Amino acid sequence: MSITAAMVKDLRERTGVGMMDCKKALAECDGDEEKAIAWLREKGLSKAAKKAGRATSEGLVTVVVAADGKSAAMSELKCETDFVSKNEEFIALAEGLANLALEKKTDDLEALPAEASDLTGLIGKIGENMQVGRLAYVSFTGDGAIGTYVHSTKKLGVLVELSGQATPELAKDVAMQIAAANPLCVGPDQIPAETLAQEKEIYLNQAKEEGKPAQIAEKIVEGRIRKFYQEVCLREQLFIKDDKKTIKDLLGKNADIVRFFRFAIGA
């Protein structure tokens, strides 16, 4: 059968074994992932493959910013215990991933050299399962700013790109907002239609159960949807430093949010 890049990626994430070895294992096992893990163990990669099923709920989120401040990248590297997340080699690998993403201007793990995410040697040496998680990359030309935030535990990180007349201080505030309030999206127009429909149905049923007339129920739904927007849409959220302002107020007329990434390990 045809071995896809997605299949190779999944096996690599589960085992920490290099991309070429994963591809060969899948080819030998007709695409069967469990058999491929066993094959890797048989071929001398047992230390990494044996640990493939163990949970990776610890790790590091690493952010790097270009010298000119116009681009930044963030990596997520997972392991089993907090102790290993403090290991110097593990930290160096996490930083290397973020720096490579910045250098290659990509959030696609497949665009990085295979050896950059080959965890086999470190897994064998340390004795824990490890996985490369997500990558993020943001950049701007002209006016704009990039905001970053990494929590002191290094298990939560944020990248946000602002356009227009945005200052670094504003970008930092927005990054901290994202870290604290965990928005789903930038604005209401980005909420999936099915999610919005489901929310409206829930609120309408609640209003009916409260015995509200249809006309009143519709108004209640409108009010609760506005509150829902305030909870999940970044622009509509109340600013964590001043709850009399929304993020939209904070941005003003001359700046806006292009996109953001929030990585939280163990969440």
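Me: Two strands count as paired if DSSP finds at least two bridges between them, so which strands form an open sheet here, and in what order?
Reply: In this predicted model, an open sheet is formed by 3 strands in the order β4-β5-β8, and their pairing is antiparallel.

Me: Which ones are the edge strands?
Reply: The edge strands are β4, covering residues 144-150, and β8, covering residues 255-264, and each of them pairs on one side only.

Me: How many bridges are there between β5 and β8?
Reply: Strand β5, which spans residues 156-164, pairs with β8 over 9 bridges in the antiparallel sense, and one place to look is glycine 164, which stands opposite alanine 255 in β8.

Me: And by what angle are neighbouring strands of this sheet turned against each other?
Reply: On average they are turned by 10° against each other, if direction is ignored.

Me: Which strands does helix α7 lie across?
Reply: Helix α7, made of residues 168-181, lies across β4, β5 and β8, and it runs at about 40° to β4.

Me: New topic: how many residues are in the largest nonpolar core?
Reply: That core has 25 residues, and those with the most contacts inside it are Leu77, Phe90, Leu112, Leu119 and Met130. The elements that give two or more residues to it are β1 (58-65), β2 (71-79), α5 (88-104), α6 (120-126) and β3 (130-139).

Me: Which element gives the most to this core?
Reply: That is α5, which gives 8 residues. Apart from this core lies another one, of 22 residues, which include Leu156, Leu162, Ala179 and Ile247.

Me: Back to leucine 77, what does it touch?
Reply: Leaving out residues up to four places away in sequence, leucine 77 touches a list of residues that includes Phe90, Leu93, Ala94 and Leu97, as well as Leu119, Val132 and Ile265. Among the others that leucine 77 touches are Glu58, Gly59 and Gln131.

Me: Is cysteine 22 buried or exposed?
Reply: Cysteine 22 counts as buried, because its relative accessibility is 0%. Cysteine 29 is buried too, with a relative accessible area of 11%.

Key. Residues are numbered from 1 along each chain as its sequence is written. This is a predicted model: local features need pLDDT of at least 70, side-chain atom pairs count only at pLDDT 80 or more; totals for chains, interfaces and linings use all residues. Side-chain values use heavy atoms; hydrogens and water are left out. A nonpolar core is a set of buried Ala, Val, Leu, Ile, Met, Phe, Trp, Tyr and Cys residues joined through side-chain atoms within 4.5 Å. Buried means under 20% relative accessible area, exposed over 50%, partly exposed in between (1.4 Å probe, protein chains only). Helices (H or I, at least four residues) and strands (E, at least two) are DSSP runs, numbered from the N terminus. Contact means heavy atoms within 4.5 Å. Two strands pair if DSSP finds at least two bridges between them. Axes are lines fitted to C-alpha atoms, for helices over the stretch in contact, and angles run from 0 to 180 degrees between N-to-C directions.
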